[in-house]
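Subject: Structure for your review

Dear colleague,

Please find the structure below, followed by an account of what was found in it.

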Amino acid sequence: MSNPSHLYCVSTEGGIYRASFTGGPSPLSEFTRLSNAPGTFFLARHPRLPVVYSLDIGGQRVHALAVGADGDLTPLNDVASEGAAPCHLAVDAQRRKLVVANYNGGVSLFSILPDGSLSQATSVFEPTGSGKDERRQAKPHPHGVTLADGLVYVADLGADRIFALRIEHDVLQPAPELDIALAPGSGPRHFGLHPSGRSAASVNELDNTVTTFRRDPASGRLTLASTLSTLPAGFAGVSWTAEIAFHPMQPLFIATNRGHDSLALFRIDPESGVAEAVGSVPAGGEKPQHFLFSPQGDFLFVANTGGERESGNVVLFQLNPATGLPEEVQRVAIPKPMGLLL
């Protein structure tokens, strides 16, 4: 890799940090805190402009930040998330929209202005429903948003449901015929799409499973295909899942386990959506929260928030081309990392 890439990491302690990712024996540099870059939860990139977006979960704000030639971030503007605890976001490249999941306040839609800054929210969808876990599922909790073909899929941890919404101009329109219920008490947290658009998967926080789907790209309709545990047989400790993502090139996806502190690997048939477990590898730290693949899928970055045993870090893995399994390359310390962006 001749030119270094900027890896951004948002933290609940200190905002946004930046590291350089390049070749050599230690491909990932130390992280530097960016003083002008607010955020605590998740990042997303504008598809064309040098702009990134961050969430401030406590301040209930969404920030637009310009990316400089040196990788520094400069605030453009910030707007109210229109819900408590904004925890996930996604950008619709074609429609110039940004969607935010508010854990305690519905799903908000924003327009992206020509310079990459954000409008005030133009629409808010308030889901309904509850689950069998009286403590965690007394009401809806939108936790993840995923965009595809003008649809927004909302993983709702409280309602045990994947809601579907259509983006029509500046409004989120419910598409209840495309909603799909998951197992009671499963607690869907995040939802991912295979690059083909023909299959998808949900990572379920409360019962430590992944549920996979066959997807009709024309209608967006999901059909249940398989449900698998993210934990090895015989594990009796406390654990919750966090993130899920598909490999950009291979029929593979990964889910993270917080407690077991591992990366669970699965192979999927992209046409049928049926998956099988491959195994798991240690995450290289405590409570793996978020991870992302490099564009070609040869590297994997994992954000471990840390806990009683270890402080937070970002771990770089390289995927073994023969086995497909991640192999640890390097660990870089950072306090309470939550979301990554390359």
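Strands here are DSSP runs (E, at least two residues), numbered from the N terminus. The model is predicted, so local features need pLDDT of at least 70 and side-chain atom pairs count only at pLDDT 80 or more, while totals for chains, interfaces and linings use all residues. Residues are numbered from 1 along each chain as its sequence is written, and side-chain values use heavy atoms, with hydrogens and water left out.

**His46**

His46 sits in the loop between strand 4 (41-45) and strand 5 (51-56). Its relative accessible area is 7%, so His46 is buried (buried means under 20% relative accessible area, exposed over 50%, partly exposed in between, with a 1.4 Å probe and protein chains only). Two polar contacts involve its side chain (N or O atoms within 3.5 Å; within protein, one must be able to donate a hydrogen and the other to accept it, and residues adjacent in sequence count only if both atoms are side-chain atoms). The side chain of His46 reaches the backbone nitrogen of Arg48 at 3.0 Å, and a polar atom of that side chain lies 2.9 Å from the backbone nitrogen of Leu49. Neighbours within four places in sequence aside, His46 is in contact (heavy atoms within 4.5 Å) with Val51, Tyr53, Ile112 and Gly116.

Strand 26 (residues 299-304) pairs with strand 27 (residues 313-319) over 6 bridges in the antiparallel sense. Within strand 27, Val314 is the bridge partner of Ala303.

**Salt bridges**

There are 12 salt bridges in the structure, each being a side-chain nitrogen of Lys or Arg within 4 Å of a carboxyl oxygen of Asp or Glu. One of them joins the side chains of Glu286 and Arg309 (3.6 Å, N to O). Glu286 lies in the loop between strand 24 (275-282) and strand 25, and Arg309 in the loop between strand 26 and strand 27, so the pair ties together parts that are 23 residues apart in sequence. Glu286 is buried at 6% relative accessibility, whereas Arg309 is exposed at 58%.

Arg166 and Glu177 also meet through their side chains in a salt bridge, at 2.9 Å from N to O. Arg166 belongs to strand 14 (residues 161-168), and Glu177 to the loop between strand 15 (171-174) and strand 16 (180-181), 11 residues apart. Arg166 is partly exposed at 30%, and Glu177 is partly exposed at 39%. A network of salt bridges links Arg136, Arg189, Glu205 and Arg258.

**Aromatic pairs**

The whole structure contains 9 aromatic pairs (rings of Phe, Tyr and Trp, the last by its six-membered ring, with centres within 6.5 Å; planes under 30 degrees apart count as stacked, over 60 as edge-to-face and the rest as tilted). Phe41 and Phe42 have ring centres 6.0 Å apart and planes at 65 degrees, so this pair is edge-to-face. Phe41 and Phe42 are both buried. For Phe253 and Phe266 the centres are 5.0 Å apart and the planes at 15 degrees, so that pair is stacked. Phe21, Phe299 and Phe301 form one aromatic cluster.

Yours sincerely

Definitions and conventions. Pairing = 2+ DSSP bridges. Helix = DSSP H or I, 4+ residues; strand = E, 2+ residues; numbered from the N terminus.
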